[in-house]
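Open the model in your viewer and keep the selection tool at hand.

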Amino acid sequence: GARRQPHEQPAPDLAHLGKIVAVASGKGGVGKSTVAANLAVALAAEGLRVGLLDADIYGPSIPTLLGCPGRASGEQGRIEPVEAHGLKTLSIAHLTKPGKAMIWRGPMAAAAMMQMLADGDWGELEVMLIDMPPGTGDIQLTLAQKVKPAGAVIVSTPQDLALIDAEKAIAMFDKVNVPILGVIENMSTFVCPECGTRSDIFGHGGAEETSRARSVPFLGAVPLTMELRRASDSGRPAVLSDDEAGAALRAAALALKT
Ligand code: ADP
């Protein structure tokens, strides 16, 4: 018969991965990976068996956010996920040489996501979060068609430009029948590390309005803080500390759990 491209493989059985939730955004740089890492760590801290797949093939940042760079081990086509902060994770960065750029067409990147999901030795999970690349491309379509996630969480800043793209992401998931589990507003209010003054650099409340207009749950607003940025760079997610951003992310994780 005709040769199959890797991305045309039949959908694998992913029942052992539990509830699969995509964390998505319309635009890059809005904090989607940061939110995904924090939601995953918060759910693991709640005692759930959690997996976090870094499907942001062109800009993998989960290993940095969780402080777990290095290589994943594996043999005979199986891949052993990396453990960090009580969860299991895999990223293309765990499978390639450090600093290497992924110069892949969409179908290759989508195939890489499917391979990490299907060939990873995840064990029996209760929740699998997938940190998606930004936008509405090949990886999103493969996710919807082959993985059939329980739903998607959309991350946006309150800025109009980001919200327009968040709307597009919501519309895309609607079209491919992936329910929207909620919207998180990130970088909502800037809290000055010197004096504590609050300023709405990117605006405020826009994502909540969007979720109301689209009748999807609003999972909360996460402030733009120095603590969160530092926590992210140091590999110790903010949900593990008690500041305002960590608390907001923990609350969003709990809302998602119910
Ligand atoms: P995306 O996945 O949408 O491209 P990232 O999660 O990589 O975005 O975040 C982009 C940058 O912004 C990172 O350096 C991250 O540490 C920082 N960042 C994200 N959210 C916040 C926040 N609420 N406060 C401070 N810094 C943040």
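Predicted model: local features only at pLDDT ≥ 70, side-chain atom pairs only at ≥ 80, totals over all residues.

Check its backbone: phi of Gln76 is near 50 degrees, a positive value in a residue other than glycine.

Next, select Met187, which is found in strand 7. Phi of Met187 is also positive, near 60 degrees, and this residue too is not glycine. Is Met187 buried or exposed? Met187 is buried, because 26 other C-beta atoms lie within 10 Å and the cut-off for buried is 20 or more.

Move on to helix 6, residues 206-213. Colour Gly206, Ala207, Thr210 and Ser211, which are buried. These residues lie on the same side of helix 6, because they cover an arc of only 135 degrees around the axis. Now show what they pack against: strand 6 (151-156), helix 5 (160-175), strand 7 and strand 9. Past the helix comes Ser215, with a positive phi near 55 degrees.

Finally, centre on the ligand. Its surroundings comprise 18 residues, and the closest are Gly31, Lys32, Ser33, Thr34 and Ser232. Colour by residue class to see six nonpolar, 10 polar and two charged residues in the shell. Which elements each supply at least two residues of the shell? They are helix 1 (32-45), strand 7 (180-191), strand 9 (218-224) and helix 7 (226-234).

Notes. Residues numbered from 1 in each chain as written. Near = placed C-beta within 6 Å. Helix = DSSP H or I, 4+ residues; strand = E, 2+ residues; numbered from the N terminus. Nonpolar A, V, L, I, M, F, W, Y, C, P; charged D, E, K, R; others polar. Buried ≥ 20, exposed ≤ 12 C-beta atoms within 10 Å, placed from the backbone. Arc of directions from axis to C-beta. Contact = placed C-beta atoms within 7 Å.
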